[in-house]
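Dear colleague,

Please find the sequence and structure below for your records. My notes on the findings follow directly after them.

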Amino acid sequence: MFIRQIHYLLALAKTGHFGRAAEACNVTQPALSTALQHLEEELKVTIVQRDQRFQGFTPEGERLLQWARILAQDWEGMRQEAALCNQQLVGSLRLGAIPTTLAVAPLLTEPCLAKFPGVRIKLVSLSMEDLIQQLDGYELDLGLTYLEDPRLKGFRVLPLYRERHVLLARDASFRVTSGHLSWADAANLPLCLLTPNMQNRRVIDAAFRDAGVYPNVALETDSVFALYSHVRCAGLYSVVPHSLLSLFEMRQEVTVIPLKPELSRPIGLISRKQDNTPPVQEAAWNIALSLDLQARFDTLINAMN
C-alpha cells in the first residue's frame, strides 16, 4: 500500500466524483481508479460502489475511511517531525472557526505564519456541529469556538477570552446617559442579526427571552460583514460580540454601547486529545497560549466610544 492511495481515497470521499478527485490529486482518472482497485485487492475488500460513475462507498468502505483519515494525519505528522529534525517546521494546519470568531483567527494565524514561514494554513468557517464532526473525523486540526457545549467533553481545550455582546449603532449621537442599554431598550430598535440557525443568534435570542421581550428584527443574514454594512449604511442596529470590533476599529462611523445585564460566553481553541500531536499543531497551540486576547478586545469597547 502507498500513502498516495490513501490520499486518492480521501479525495474521492471529499468530492464524490472520480474525475474531480483525480483533478484534486493531479493524476488522471484511470490512474486514480487503478490505484483504488489495487488498494481493494490488497485489503481484500470492496471499498467503492461503482458502475460508470461513483455510487458511494460500501459499508466496509465507510469503516475504512476513518482509518484512512488517521493514516493521512499520522503521515503528515511524520513529515513534520522529520522536517523538525532538520531544524525546520513545515506542513499544513487545518483550522475551523465558527463565523463570529473568524475575525479573531488572524490574531493566531499571523504570528504562526511569521514565526514559521514554511507552514501553510487552511481556514474554514463552520457551524459548531460541523466543527466537532470534522475534528472527530480527523478532517481538522484545531477549532475556534464556544466552550460551553457539553459535546466538547473529551477534547483538549484552551480558553482564550470571554466574548461580551454590545449594541452596534451608526449614529454617533446615539448615547445613553447610563453608559449602557438594557435588553428591553435594544429590543425596540430595528435590528439586523445573524440567522436563527447560528449559535450566536441563539445566544442573543436567549438573552432577549430572559429579559421578557421580543426583538424587532428587521433583517437577518449569515454574514458578519453584512451586519456591519447594514449598521453603517442602512441605519439598522445590531448586537455583536466585542471581538468583532477588531474588524471595525479604524471606523469612526459606528458607536458601541454595552448591554446590561452583560451577556458573555467563553471562546477558545479545541483539538482532539492524542498521544502524538503533529508539530505544526502543537506550535500553533503554544502561540495561542501566549495571546492576551481578553485585554485586547476589552480595550476596543472603550476605543470606539
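I begin with the cysteines. The sulfur of cysteine 233 lies 11 Å from the closest cysteine sulfur, that of cysteine 192, which is too far for a bond; a disulfide is taken here as a pair of cysteine sulfur atoms within 2.5 Å. The structure accordingly holds zero disulfides. Cysteine 192 is buried, at a relative accessible area of 0%, whereas cysteine 233 is exposed, at 56%. Buried stands for under 20% relative accessible area, exposed for over 50%, and partly exposed for values in between, with a 1.4 Å probe and protein chains only.

Please note that this is a predicted model, in which local features need pLDDT of at least 70 and side-chain atom pairs count only at pLDDT 80 or more, while totals for chains, interfaces and linings use all residues. Residues are numbered from 1 along each chain as its sequence is written, and side-chain values use heavy atoms, with hydrogens and water left out.

Next, the nonpolar cores. Such a core is a set of buried Ala, Val, Leu, Ile, Met, Phe, Trp, Tyr and Cys residues joined through side-chain atoms within 4.5 Å. The largest one has 55 residues, of which Leu160, Leu168 and Leu269 touch the most other members. At least three of its residues come from each of domain 2 (84-161 + 267-300) and domain 3 (163-264), the bounds being those of an automatic or database domain assignment. A second, separate core numbers 21 residues, including Ala11, Leu12, Ile47 and Ala68.

The search of the whole structure also found four aromatic pairs. Rings of Phe, Tyr and Trp (its six-membered ring) pair if their centres lie within 6.5 Å; planes under 30 degrees apart count as stacked, over 60 as edge-to-face and the rest as tilted. One of these pairs joins phenylalanine 18 and phenylalanine 54 edge-to-face, at 5.8 Å centre to centre and 90° between the planes. Phenylalanine 54 and phenylalanine 57 are also edge-to-face, because their ring centres are 5.1 Å apart and their planes stand at 70°. Phenylalanine 18 is buried at 9% relative accessible area, phenylalanine 54 at 17% and phenylalanine 57 at 11%.

Finally, the charged end of arginine 156 sits over the ring of tryptophan 285, 4.2 Å from its centre. The criterion is NZ of Lys or CZ of Arg within 6 Å of the ring centre and within 35 degrees of the ring normal.

With kind regards
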